[in-house]
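Work through the exercises below with the sequence and the model open. Each task is followed by a solution in steps.

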Amino acid sequence: MSHVNSTQAPKPSGPLAGLTVFDLTRVLAGPTCVQMLADLGASVIKVEKPGSGDDTRGFVPPAMPGTDQSAYFAGANRNKRSVTIDIAKPAGQKLARDLVAQCEILVENFKVGTLARYGLGYEQLGKLHPGLIYCSITGFGQTGPYAERPGYDSLIQAMGGVMSLTGEPDGQPMKVGVPVADLFAGLYGAIGVLAALRHREATGLGQQVDIGMLDTNVAWLANQGMNYLASGQNPPRLGNQHPNIVPYQVFATADGHIVLSIGNDATFARFCQRFGLDHLLTDARFVTNAARVANRAFVTETLANVLAAHDSAWWLTELEAIKVGCGPINTLEQVFADPHVVARGNLIEIAGKDGNPVKLVANPVRLSATPVDYRLPPPMLGEHTDEVLTDMLGLNASERAALRRDQII
C-alpha cells in the first residue's frame, strides 16, 4: 500500500503540471473526469454550492472512518481544492469568471443551457478566453431531441442497451453493479480534454468537448453492438456466458464457482488433453469455437459435469499450470487482499486533514517518466476557499468577509 503525507502536499509533478482546471462538476461522471486530470498533475479548483456542495457529500452511509465525509464523494475527489461560490448570484458569477481567466480547462456537468444563464456558458467564456478548453458532460450531449433531459447512470444503462444484455436469460434486465455509464463518460471526457490540449499546443485555440453519456454508452457496446450491426438480431441475455466464445463463463465447482476463459481452439485442445477429454476433440460439436457457440447448451452442460468433480482450488491450480485462463470470483475483501493487487499498489493511503490515513483506490495509469501523484485528500466543503481567493485573485480578509456576509462564498 502506498502512503502519502498531505500535511505538506508536494507541487504537482505529473504530465499536466502547470495546468489549472475550473471544476463545475458533481456526482460521478464529471468528478471522475477531473480526478483523472488531477492525478496527472493538473491543479483543480472544485467549485461547490455554499452549505451543501457536491450532491455526493450527502450519499451516506457509509462515511469515511472517523469522519462524516461520504465514501462516495471521497472516491472521485482527491487532489482537488474545494471553493464555495454561489454562481446563481451575480457577484458569484463574477468571482467564477475571474477564476476561469486563470485556468486552461473548465469541466462542467450542468444541464444544457444552465451555465449560459449565469454567463458561464461556452459561447460566452470561449469568446473571452479563446484558448479555454471547455468540457461539458451531460446525459445526452449538447444537441439532439433529448439534450435537455437529465441523465442518470441506470437510465443511461437502460436506454443505451447494456441492461438488455446483462442478466440471466429468463431474468430481469440488469444494470451493471457499478455505475459504468458515469465512469465511461468521465474517462471519455478526460480523453477529449487531452486531445484538445494537444490541439491548443499546436494552434493556441481551445474548443468545447461535448460528452453525452448515451453516446459513450453506445460506443462501449463493443462486440455486442457489432454483433447486432452484423446480424440485425438483438443479442440475447446470456448471464455469465460470452456471446462469441465458448467456453468463456462461470462454472460451478464442487465447492463454489470459478471463471473459465478459453479463448481459442488450441487452448481448448490443451484443456481437453490435460483432463482426459480427448474424445471431445473428435466430436464436431466441440472442434472449433464456431461449433461450440452453435452448440452452446450442450457444450456447457458437458463441461459443467466435468468442473463439478473438483473444488475451486484444485481447478485453479491445475488450469494455471497449463496456462488456461481461469480465476476465482472474489469478494471486495478478497480483491484488496489479493497479492497481485497489493503488489501493484492498487490501494493507497493519503493523510487526511486530521492526520489520519484515508484509504483510496489508486489511479491505474502507470507512466514510467511522469507518474501520477497523490497530493491532497478529498477536501472538506469550502476547505480551500480563502486560500484560492487570496492566492489567485488577491482578495484580502475584509473582501472575503464581505462575500461571506452576502452569502456569495
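**Exercise 1.** State which residue of β3 stands opposite Val21, and follow the chain from β2 to β3.

*Solution.* Step 1: Val21 faces Val44 in β3. Step 2: the path from β2 to β3 goes through α1, and this β-α-β crossover is right-handed (with the strands pointing away from the viewer, the path from the first strand over the helix to the second runs clockwise). Step 3: β2 and β3 run parallel and are joined by four bridges; strands pair if DSSP finds at least two bridges between them. Helices (H or I, at least four residues) and strands (E, at least two) are DSSP runs, numbered from the N terminus.

The model is predicted: local features need pLDDT of at least 70, side-chain atom pairs count only at pLDDT 80 or more, and totals for chains, interfaces and linings use all residues. Residues are numbered from 1 along each chain as its sequence is written, and side-chain values use heavy atoms, without hydrogens and water.

**Exercise 2.** Describe the pairing of β2 with β5.

*Solution.* Step 1: four bridges link β2 and β5 in the parallel sense. Step 2: in β5, Ile105 is opposite Val21.

**Exercise 3.** Why is β2 largely enclosed by the rest of the structure?

*Solution.* Step 1: five of the five residues of β2 are buried, so the strand is largely enclosed (buried: under 20% relative accessible area, 1.4 Å probe, protein chains only). Step 2: Thr20, Phe22 and Leu24 lie on one side, Val21 and Asp23 on the other.

**Exercise 4.** Is helix α1 mostly covered or uncovered?

*Solution.* Step 1: α1 (residues 29–39) is mostly covered, with eleven of its eleven residues buried. Step 2: these pack against elements including β2 (20–24), β3 (43–48) and α8 (180–203); contact means heavy atoms within 4.5 Å. Step 3: just after α1, Gly41 has a positive phi of about 115°.

How values were computed: Buried < 20%, exposed > 50% of the residue type's maximum accessible area, 1.4 Å probe, protein only.
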